[in-house]
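Open the model in your viewer and keep the sequence beside it. Each stop below says what to select and what is there.

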Amino acid sequence: MYLDNIKIKDMDIILNKNTTLSRFYPLIPLKNTIIERLLKSGTLLKSQYDEIYDSNIDEIRRITGMSEGVDECFHSALHLHDFKNRSISEFKSISPDIISAVRANGYKKTLDIINLASEKSINEMAELLNISNVDTQRLCAMCHLMRLPGVKDTRASLYYDSGLRSLDDFASSTTDKILEKVSDYIAKSKCGKSVPQRKEIETQIAVSRVLSAL
């Protein structure tokens, strides 16, 4: 899928102790060699890697020098942030009437909204979905924010209300700035939501820099 067909070279961004799970730590000292050998073989994208991995895993081991177990770990890390096409019915922070209107027009999944937004302006989408421009902007933004790891409706709405409304907003920011924005919003709004953990934000920034380039 185009939304998560990441570049092999970008595994360098994802695989580090600040942004990934501890079970992938053994890959970190090996990542530069693995990436270099894959690129040299012409394997530039995740989809190309998968094609080889699924048909002949021994070829992956030959190209990269990875042993059995290490190759499986790398494969898991490569797919750690695969796109999840969620139902928009999960959005509890958006009025049920708005969700019903959108679904009534045949748009039931986050991918439906993302694809529609790539083809039409906010004004055109609002008219098509029979909802306001403001609600359309929020819906589109939340669908994209939910591409980030660990982000579902509650976290996406928190980020949106804090002024973080796109992957680029994450990619161009820092952990401290995002934590400050979110903390300020929670304090001022008294919404009762929790501040994300630092490592959660660091991971989301790293992934946003990979995904926003697609």
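**Before you start**

This is a predicted model, in which local features need pLDDT of at least 70 and side-chain atom pairs count only at pLDDT 80 or more, while totals for chains, interfaces and linings use all residues. Residues are numbered from 1 along each chain as its sequence is written, and side-chain values use heavy atoms, with hydrogens and water left out.

**The whole chain**

Helices (H or I, at least four residues) and strands (E, at least two) are DSSP runs, numbered from the N terminus. The C-alpha trace spans about 55 × 40 × 25 Å along its principal axes.

Now switch to a surface. The chain exposes about 10800 Å², and carbon and sulfur atoms supply 48% of this area. Accessible areas come from the Shrake-Rupley method with a 1.4 Å probe; for residues, only the protein chains shown count as cover. Of the 214 residues, 44% count as buried. Buried means under 20% relative accessible area, exposed over 50%, and partly exposed in between (1.4 Å probe, protein chains only).

For contacts, the rule is heavy atoms within 4.5 Å. Among the contacts with a separation of 6 or more, 60% are between residues 24 or more positions apart.

**The cavity**

Select Asp4, Ile6, Ile14, Lys46, Ala77, Leu78, His81, Asp82, Val207, Val210 and Leu211, which line the largest cavity. On a 1 Å grid over the protein atoms alone, a cavity is a set of points where a 1.4 Å probe fits but cannot get out, and lining residues have an atom within 4 Å of a point. The count comes to 1 cavity of 30 Å³ or more. The largest cavity has a volume of about 60 Å³; grid points are joined across faces, edges and corners, and a volume is the space filled by probe spheres set on the points.

Colour the lining by class: 7 residues are nonpolar, 1 is polar and 3 are charged. In this scheme Ala, Val, Leu, Ile, Met, Phe, Trp, Tyr, Cys and Pro count as nonpolar, Asp, Glu, Lys and Arg as charged, and the others, Gly among them, as polar.

Which helices each supply at least two residues of this lining? They are helix 5 (70-78) and helix 13 (198-211). Helix 13 gives the most, with 3 residues.

Select 198-211. The 14 residues of helix 13 should span 20 Å at 1.5 Å a residue, and its end C-alpha atoms are 20 Å apart, which agrees. The expected span is 1.5 Å times one less than the number of residues. The buried residues of helix 13 include Ile201, Ile205 and Val207. Its buried residues pack against helix 1 (11-14), helix 10 (153-161), helix 11 (167-171) and helix 12 (175-189).

Move to 70-78. In helix 5, Asp71, Cys73, Phe74, His75, Ala77 and Leu78 are buried. Their cover includes helix 1, helix 2, helix 3 (46-55) and helix 4 (57-64).

**Two buried threonines**

Select threonine 20, in the loop between helix 1 and helix 2 (31-40). Threonine 20 counts as buried because its relative accessibility is 3%. Neighbours within four places in sequence aside, threonine 20 is in contact with Ile14, Tyr25, Leu80, Lys199 and Thr203.

Next, select threonine 110, in helix 7 (residues 110-119). Threonine 110 is buried, with a relative accessible area of 2%. Its contacts, not counting residues up to four places away in sequence, are Phe83, Lys84, Asn85, Arg86, Ile88, Phe91 and Cys143. Draw a C-alpha to C-alpha distance from threonine 110 to serine 87: these two are 23 residues apart in sequence and 6.2 Å apart in space.

**Two loop residues with positive phi**

Most residues other than glycine have a negative phi. Select asparagine 130, whose phi is near 65°, a positive value. Asparagine 130 is in the loop between helix 8 (122-129) and helix 9 (133-145). Is asparagine 130 buried or exposed? At 63% relative accessibility, asparagine 130 counts as exposed.

Finish at lysine 190, in the loop between helix 12 and helix 13. The phi of lysine 190 is near 55°, a positive value, and lysine 190 is exposed, with a relative accessible area of 70%.

Definitions and conventions: On a 1 Å grid over the protein atoms alone, a cavity is a set of points where a 1.4 Å probe fits but cannot get out, and a pocket is an open set with protein on both sides within 12 Å along at least five of seven lines; lining residues have an atom within 4 Å of a point.
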